Amino acid sequence: MKPSNLSKPSDCLCHIEPGELSPLPAPYEDFNQVTIPPLNPEKVKHLETSLDDTIAIGIPKPANKEEEEALVLRFLSGLKKLFEKENNWTFLQPLMLSMEHCAKCQTCSNACPVYEMSGRKDIYRPMFRAEVLRRIYKKYLKPGGKITAKLTGDIDLNWTTIARLAELSYRCTLCRRCATVCPIGVDNGLITHEIRKLFSQEMGIAPKELHDKGTVQHLRVGSSTGMNPLAAKDSVEFIQEEMEEITGYKVEIPWDVEGADILLIHNAGEMLAWPENVGAFATIFQAAGLSWTLSSEAVGYDAVNYGLWYDDVQFSRVAVRHADIARRLKVKKIVMGECGHAHKALTVIADRLLTGDLNLPRESAMVTLEEIVRSGKLQFDPLRNDFPVTLHDPCNMVRSMGIVEPQRRILRKIAPGFREMTPHGVENYCCGGGSGFAIMSGYNFAQWRNLVGSRKKFLQILNAFEGEPREAPKYVCAPCSNCKGAIRDIINYYHAEERSRLYYGGLVELIVNAMVDMKKPMIRFGDEPSWRS
Amino acid sequence: MGFYLLSYLCIFVFILATAYRIYRQITLPIHVRWELYPVQHETAARAAYGGSYLEEVNWWEKTHKRSLFNELRYMLPEILFIRGLWKENRSLWRISFPFHFGLYLMIATSGLLVVHALVILGSDYPAAPGGTIKSLLDGLIVVTGWTGLVLGNIGSLGLLSKRWTEPELRNYSSFSDYFNILFIFLFFVSALAAAVFTDPLLVGAKAYAFGLLTGGLPLNGYAPGQSIAGGVAIVSASLLAAYIPLTHMSHMFMKYFLYHKVKWDDAQNRRGGRIEAAIMENLELKPTWRANHVDADGRKSWRDIASSAPKEK
C-alpha cells in the first residue's frame, strides 16, 4: 500500500481479515478470530465508507460532480490556511517543521499501538496520512508542484482522497507516542490533528460526538453531557446522599463559593457515569479541610474541552469560558479533576491563549492530592487496598505534561499491591479512547476501538496482572474519565470481569477506600466489598 | 578556477538557504505549547523519568529550575551517535549511524582543512611549514578523512539498499529520496576513490582548501581536477553543500527548532511577560476559516471569536 493508493477507487481500501489482529492470550483466544462487524449497508448507503471497516465521521457522498469539485477546492483553501499565521498561529511553527523534515524512516510506525495491533496495516502508520498531506500540499499548493510531484511523491486529489483522509484522521488517538520516538523530532500525530482542524474549521466536517454533541452543546447548554446547570446540581445532590450511604461519611459539596482557594472542575461525565469519583474528591477535600468550590455556571462544571482534538476555535472558546468563570469566582487556582485531556487543554495548551487576569494558576489534581496524602491530614490503612493494582498513564497528563510521579507516590503509600504496566510513564500506551474515541460509538466504531485501538492497552493490563490468581479481583487505576471509559468498554467487550476479575476506577476512589475515617469500603468488586468493617 | 568558482557559489547558496530557513523560523508567531516529555532541560531527577515542573504544588510561585548540563548530556549522544534510533530502530541505526557519522567526520575534516590552510597562511608561504601543529593536523586529517569516507560509503550504500529492498521504506520513497542518497554516495565514493588511487594522504584536499581561502593560490603544485575522482568529489561536495539546506536533509541543523522550539518548549506564559505580549499580538490576527460555527469574516480577531459563542446553524 502506497500513499498514492488513497486516491484510487476501491470499495474498501483496508480490510482486516479474521486472525490478522495481534493475538490475545488465554482465556481470550476466542477473540482472535473476531473481526470488525460489517457496516449496515442501509444505514451507510449515502455515506463515504471506502477507507476501511468502520466510519467515525459519516461524511455524506456529494450529490454530483460539481459538488465534488467544490469540496475539493474548499479542502485546498483550508489546507492553504493551515500555513497562514492569521489562520493558524496556534500551530504554524510545529506544523511547518513536521511537514518539512520527515525522513520516512518508519521508526514512528513501530511505536504506534493502532498500527501494531491492526496486524500492521499500512494505512494506520502514523506517517501514512502525514505523507498524504505532504504530497497534496507540495503538489497543489507549492509553485511548480505538479511538475516536481513526479520527483518528490505524487498523489491525485479527488473527493475520494479527501473523504478518506478525513476518516483516516480519526484512526489515530493523538497519543503522540510516534513523536517521542522520532529521531528528528517530527510529530506525525500533530499533522493528524491539523488535518482534523482543516476539515472542521474550513469544511464543517467533524464527528458529531465531538462537535454537535461536544463543544457546541458544551457552550450552549453547559456540558457536553447535555446537563444544564440545574441538572448538574441535582446530580451532585444525589452524589452527596450516595456517598454517605456508601462510606458512612457525610459530605457537603460546596457550590459557587466566591474567594475559595480552589475551583475544582470535573469532567461532567463523572457525575453521570462515575458519581463516586466526584464524591471521593469531595470526601478528600473536606476531610483535609481545603477551601474549595464547584461552579454551577454553564461550562464551569464540565472540564472537558473537545476542541483540543479537532478545532482551535472551539478549543479557545471553551478555555476562555473556564478561565473567566474562575476569574469571576476570585479563586486562587483551578484544580483539574481526573480528566487527562482537560488537564492538557487548560494547563498547557491554553497557557499561550489566556492573558491578563484570565491567566489564572492551574494545577493537576494529582499534585493537589499528593500534597494532601503526604501532609498527614488524613490517616490511611493501606491494607484496605490489599489487592493487585496497576496504573494507567493518561497520555495527555503524562507524556504531554510530565505529571508522572505524584500519582505513583500516592499509590505506593496506599496500595501495597501496586505494580507498573510495561512500558509505563511517558512511554505508556494509549487506552485507545484518546482524542475523542472513548465517546465515539456511531455505526461500528466502538467495535473498531475495542478490537484495534484499545487492544494494546488490554494486553498491557493482562500482562500487569500475570501470575495473579484468576479469582483475585484486580484494579486498574485510570485517573482520567476518557481512559476509564475506554477501559470500561474493553473490560465489558472481552468479558474480562468474568474471565479475569478485572475492575477499574480512579485514583481518588483508592484514596478514600484506604481512609481510616471511612466506616464502609468505597470500592466493591461486583457484590464483594474490598474490605470488611 | 572553475572548481573554485563553483565552490564559492555553492557556499553562498548554502549560507543563503540556511539563513533563510532560520530567519523563517525565528520570525514565525509564537505557537501554543506542544511539548513532549521527557523534556531534557528539566532537573536530572525529573528528566530521568520524564517529569515536569507541573508536578509541584503551586508551581507558578516557584522558580523553574532548568539544567543546561542535562540537556547537553542528552543532546551530545543524540547528535553524535543518534541514540534515539539506536533505542527505537536498531536495524536502521546500523546503517544510519555510519552514514551520519561519516558526514560528521567529513564536516570535521573540512574544518581541519581550513585550519590547516590558516596555519600555512600564518607561516612563510610558499615555504612549507613544519612543526608539531602541522604534523598533528596532517595526521588528524588523514584519520578523520579516511574514517569518514569509509563509514559514509558503508552508510550510504546501506541506506540505499535498505530503502530499495524493504517494502515499508520503498512504498513511501520517491525519486528524490533515492536521488538524495545517491548524490551523497557519489561524493563519498568519488572521494574515497581519489584517496585510494591517487592521494592517500589527502594532499589534494589540503591544497584545495588552501586555494579556496586564497582565491586559488596553488599549494605543492596542486591543481583541482588532476584526477577524475578528485574532480567529481569537489563538484559533488560543493553541490551537496548547496543542496542540503534546500531539502528535508536540513534536519541536520533544523533539529534545533524541532526540539527546542516545539518538543521541549515548556516556557510559561507569565503576566506582563514577553510571551504574553506575543500572544496578545496573535489574538489580534483575523482568521478567515469558512465553517459556519467559526463565524470568521476577516474582520473579527481571534480574541473576538474566542470570546463569542459558536454561530447557530
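## Basis

Residues are numbered from 1 along each chain as its sequence is written, and chains are lettered from A and ligands numbered from 1 in the order in which they are written. Because the model is predicted, local features need pLDDT of at least 70 and side-chain atom pairs count only at pLDDT 80 or more, while totals for chains, interfaces and linings use all residues.

## Where chain B touches chain A

In chain B, 69 residues are in contact with 73 residues of chain A (C-beta atoms, placed from the backbone, within 7 Å). Elements giving two or more residues to this side of chain B include helix 8 (175–197) and helix 12 (274–283). Helix 11 of chain B gives the most, with nine residues. Helices are DSSP runs of H or I with at least four residues, strands are runs of E with at least two, and both are numbered from the N terminus.

The side of chain B that touches chain A has 36 nonpolar, 20 polar and 13 charged residues. Asp, Glu, Lys and Arg count as charged; Ala, Val, Leu, Ile, Met, Phe, Trp, Tyr, Cys and Pro as nonpolar; the others, Gly among them, as polar.

## A sheet in chain A

Chain A has an open sheet of four strands in the order 2-1-3-4, with parallel pairing (at least two DSSP bridges between two strands). Strand 2 (292–293) and strand 4 (362–364) of chain A each have a single partner strand, so one side of each lacks a neighbour in the sheet.

Strand 1 (residues 262–265) and strand 3 (residues 333–336) of chain A run parallel and are joined by four bridges. A:L263 has A:I334 as its bridge partner in strand 3.

## Domains of chain B

Chain B is divided into domain 1 (2–30 + 82–263) and domain 2 (274–306), with bounds from an automatic or database domain assignment. The centres of these two domains of chain B, taken over C-alpha atoms, are separated by 45 Å.

Terms used. Two residues are in contact if their C-beta atoms, placed from the backbone, lie within 7 Å.
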